[in-house]
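Please keep the structure in view while reading.

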Amino acid sequence: MKRIEFLKAPMDIATMQETVTFIESRIEQKQFLQHVVVNVAKIVNMQKDPVLAESVKACEVINIDGMGVVFGARFLGHDVPERVAGVDLFHELLAMSAKRDFPVFLLGATEEVVNKTAEVVKAQNPNLNIAGYHDGYFWQDEEAVVTKIRESGAKLLFVAITSPKKENFINKWQDKLGVDFVMGVGGTFDVVAGKVKRAPQWMQKAGFEWLYRVIQEPGRMWKRYLITNSKFAYLLIKNKFSS
């Protein structure tokens, strides 16, 4: 995998298969690997949030999630073959874990959603070993949840908590989690559990997933995407023509 820097954010140029193969080899070697994906919102927030920026930079694998970042990186001259969406990588890693008998732990979302997610992924991968799961509302007693994860025997940990909380939680506790691989998956559990619908394929490929989210939740999402997309466009243009 080739690492580049884009708008002060490091990221790896890799296909889905290259990413899965690399992660599998690291788990085999029992070498701890911290993973993160970056999208437009995260890159914009990293500009003004040094803690988030350091948490992202601490990761060994930084995949490009959003098509906006793919298009932006290409605009600035980087050769990016495809995006590696977090929700798609999640499913690929579960399938790999089922084949290799790697136990997994699911952390995040509401109790109802994480329970449903465990049920759905087990149905999709009957041989999957789910070592445990817990909702994402544990901030009064983080250490107890970290202990639960460590004692579960899981090799892979998926953290479905909003940014920057998940990145900072992973970075803070990585040495105590007892897993070989940890990945922040954002709202993936909501999608898997059927609480949120994913955009159609054509919208995903065209970079309009954000618009689909706005259509689903206009009151909550319109301002967020208007601000972040505008700031992202400004950063791109400024970087393109600054030299």
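Which residues lie nearest the centre of the second largest pocket, and how many residues line that pocket? The sections below begin with this question and then turn to other places in the chain.

## Basis of the description

The model is predicted, so that local features need pLDDT of at least 70 and side-chain atom pairs count only at pLDDT 80 or more, while totals for chains, interfaces and linings use all residues. Residues are numbered from 1 along each chain as its sequence is written, and side-chain values use heavy atoms, with hydrogens and water left out.

## The second largest pocket

The second largest pocket is lined by 13 residues, and R83, D88, Q201, Q204 and K205 are the ones that lie nearest its centre. Helices here are DSSP runs of H or I with at least four residues, strands are runs of E with at least two, and both are numbered from the N terminus.

The volume of the second largest pocket is about 190 Å³. A pocket is an open set of points on a 1 Å grid over the protein atoms alone, with protein on both sides within 12 Å along at least five of seven lines, whereas a cavity is a set of points where a 1.4 Å probe fits but cannot get out; lining residues have an atom within 4 Å of a point. Grid points are joined across faces, edges and corners, and a volume is the space filled by probe spheres set on the points. By class, the lining of this pocket has five nonpolar, two polar and six charged residues, where Ala, Val, Leu, Ile, Met, Phe, Trp, Tyr, Cys and Pro count as nonpolar, Asp, Glu, Lys and Arg as charged, and the others, Gly among them, as polar.

## Two cavities

The structure holds two cavities of 30 Å³ or more. The largest cavity has a volume of about 40 Å³, and its lining is made up of Q34, H35, V36, S55, C59, K166, E167, I170 and G184. Both β3 (33-38) and α8 (165-173) supply at least two residues of that lining, which by class has three nonpolar, four polar and two charged residues.

The second largest cavity holds about 30 Å³ of space and is lined by D12, I13, A14, N63, I64, V80, P81, E82 and V84. Here β2 (9-13) and β4 (61-64) each supply at least two residues, and the lining divides into six nonpolar, one polar and two charged.

Seven aromatic pairs are found in the structure, a pair being two rings of Phe, Tyr or Trp (its six-membered ring) whose centres lie within 6.5 Å, with planes under 30 degrees apart counted as stacked, over 60 as edge-to-face and the rest as tilted. The rings of F90 and F189 have centres 5.9 Å apart and planes at 50°, so this pair is tilted. Because F90 lies in helix α5 (residues 86-100) and F189 in helix α9 (residues 188-192), the pair ties together parts that are 99 residues apart in sequence. F90 and F189 are both buried, a term that means under 20% relative accessible area, with exposed over 50% and partly exposed in between (1.4 Å probe, protein chains only). F90, F158, F181 and F189 form one aromatic cluster.

Among the buried residues of α5 are G86, V87, L89, L93 and L94. Just after α5, D101 takes a positive phi of about 60°.

## Backbone features in the loops

Most residues other than glycine have a negative phi, and most peptide bonds are trans. K30, in the loop between α1 and β3, has a positive phi near 60° and is exposed, with a relative accessible area of 58%. Q31 lies in the loop between α1 (16-28) and β3, and is partly exposed at 36% relative accessible area.

A109, in the loop between β5 (104-108) and α6 (111-124), has a positive phi near 65° and counts as buried at 13% relative accessibility. A cis peptide bond, with omega about 5°, joins S163 and P164, and P164 is found in the loop between β7 (156-160) and α8.
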